[in-house]
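Subject: A structure for you to explore

Hi there,

Here is the structure I promised to pass on to you. Have a look around it, and then read my notes below.

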Amino acid sequence: MDLSTTYMGLKLKNPIIVSSSRLTSSINYVMDCAASGAGAIVLKSLYEEQLLVDVENLMDQDDKYFWYPEAVEFINEHSKEMGVAEYITLIKEAKEKTSIPILASVNCITPAEWPKFAAKLEEAGIDGLELNIAIMPFDPKISSQDIEDTYVEIVTEVKKYVTVPIAVKIGPFFTNPLSIVKRLEAAGADAVVLFNRFYSPDIDLENEKVVRDIELSAPEEITQALRWVSLLSGKVTCDIAGNTGIHDANGLIKHLLVGAAAAQVCSTLYINGIGYIDTMLEGLEKWMAKKNYSSLDQFKGKLSRDEKNAAAFERVQFMRKTLTGKID
Ligand SMILES: Cc1cc2nc3c(=O)[nH]c(=O)nc-3n(C[C@H](O)[C@H](O)[C@H](O)COP(=O)(O)O)c2cc1C
């Protein structure tokens, strides 16, 4: 059975990509992911600030750049264990010790200066670069258009310095995801990852305190990305990877059916262990055998091409229910 797929111009032996997280931050984990059958791996994100300046000098420069609090927190917490030098070593080791595509990831919010250093990641041997762009719109003076322009400028700028394919991982909060994806594609993105899952603090009522959110996704969260993968399917030439809430083979198959070229997984591997990649692949094969498919191309995007199914994803509101239970 042929499980291979093409994602951002890279040939993957199967569509499971281990998404960026602590599970992809060390060579041992990376080797475990490869041994369990992953089609590709996205390494833990570096922050653009880490690429821009030496970590040691970083905190002296806060007049020069505006640091997002989360970036400062991240760098305080993690810079010692994962600086740029360590990241480059990780890339080289991952390339040496595995035979699957390895993507670097940069968590970025500006197109300023840092993209020229992205070339260092390419020199280290990555097969592709994922831009994890998450611009928090907390300034009312900045319009949605300005924010979207920044996404596009980041891709345009990075393209000047790297030749490997680029994927852009975005969140779901755009007025028109189709429009921003089209713009990213026009700027040179070879793939988009739909969608990242953001940190969302909760409130502890007993102690009246803001608390950390639940880090891992739940399988029910899959539906948001399914809708937009479906709506984009056939309308863009860049590849799409589904992400968030893909916890098993069924989640993976759903994404392929609506048109994703690949599926990125994280939470399920935290919950079930890295070896679960293999279980997901078995589930995919079993389903394909039952349906008489011998390659992914035979069913990739099938549901998005069917007008009735596609229309279901376009619908936003429930119909009104009358008091008698009838729908009008
Ligand atoms: C502990 C943890 C660390 C993460 N770190 C990163 C990161 O560095 N870069 C990134 O792009 N996404 C990061 N993510 C997000 C995941 O890659 C993924 O997009 C998200 O968890 C949704 O996928 P899932 O439902 O399979 O978990 C992280 C997620 C978790 C749970």
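First, some background. This is a predicted model, in which local features need pLDDT of at least 70 and side-chain atom pairs count only at pLDDT 80 or more, while totals for chains, interfaces and linings use all residues. Residues are numbered from 1 along each chain as its sequence is written, and side-chain values use heavy atoms, with hydrogens and water left out.

**The overall picture**

The protein has 14 helices and 13 strands. Both are DSSP runs numbered from the N terminus: helices are H or I with at least four residues, and strands are E with at least two. Of the 328 residues in the protein, 52% are buried. Buried means under 20% relative accessible area, exposed means over 50%, and partly exposed is in between (1.4 Å probe, protein chains only). Contacts here are heavy atoms within 4.5 Å. Among contacts between residues at least 6 apart in sequence, 71% join residues at least 24 apart.

Two packed helices are described by the angle between their axes and the distance between the axes. The axes are lines fitted to C-alpha atoms, for helices over the stretch in contact, and the angles run from 0 to 180 degrees between N-to-C directions.

Start with helix 1 (residues 27-35) and helix 5 (residues 84-97), which pack at about 30 degrees with their axes 10 Å apart. That angle makes helix 1 roughly parallel to helix 5. For this label, angles under 35 degrees count as roughly parallel, over 145 as roughly antiparallel, 65 to 115 as roughly perpendicular and the rest as oblique. Helix 1 passes helix 5 in a right-handed crossing; a crossing is right-handed if the near helix is turned clockwise from the far one by less than a right angle, and left-handed if anticlockwise. Ile27, Val30 and Met31 of helix 1 make the contact with Leu90, Glu93, Ala94 and Lys97 of helix 5. Sorted by class, the residues of this contact are five nonpolar, no polar and two charged. Here Ala, Val, Leu, Ile, Met, Phe, Trp, Tyr, Cys and Pro count as nonpolar, Asp, Glu, Lys and Arg as charged, and the others, Gly among them, as polar.

Next come helix 6 (residues 115-124) and helix 7 (residues 144-161), whose axes come within 8 Å and cross at roughly 50 degrees. This makes helix 6 oblique to helix 7, and the crossing is right-handed. Pro115, Lys116, Ala119 and Glu122 in helix 6 meet Glu157, Val158 and Tyr161 in helix 7. That contact has four nonpolar, no polar and three charged residues.

Lastly, helix 9 (residues 222-232) and helix 10 (residues 249-258) pack at about 20 degrees, with axes 8 Å apart. Helix 9 is therefore roughly parallel to helix 10. Their crossing is right-handed. From helix 9, Ile222, Ala225, Leu226, Val229 and Ser230 meet Gly251, Lys254, His255 and Val258 in helix 10. This contact divides into five nonpolar, three polar and one charged residue.

**Aromatic rings**

How many aromatic pairs does a search of the whole structure find? There are five. Rings of Phe, Tyr and Trp (its six-membered ring) pair if their centres lie within 6.5 Å; planes under 30 degrees apart count as stacked, over 60 as edge-to-face and the rest as tilted. Trp287 and Phe299 have ring centres 5.0 Å apart and planes at 65 degrees, so this pair is edge-to-face. Trp287 is in helix 12 (residues 276-290), and Phe299 is in the loop between helix 12 and helix 13 (302-305). Trp287 is buried at 18% relative accessible area, and Phe299 is buried at 0%. Together with Tyr293, they form one aromatic cluster.

**Backbone details to look up**

A cis peptide bond joins Leu194 and Phe195, with omega about -5 degrees. Phe195 sits in the loop between strand 9 (191-194) and strand 10 (202-204).

Glu208 has a positive phi, near 45 degrees, in a residue other than glycine. Is Glu208 buried or exposed? Its relative accessibility is 69%, so Glu208 counts as exposed. Thr244 also has a positive phi, near 85 degrees, but Thr244 is buried, with a relative accessible area of 12%.

Enjoy exploring!
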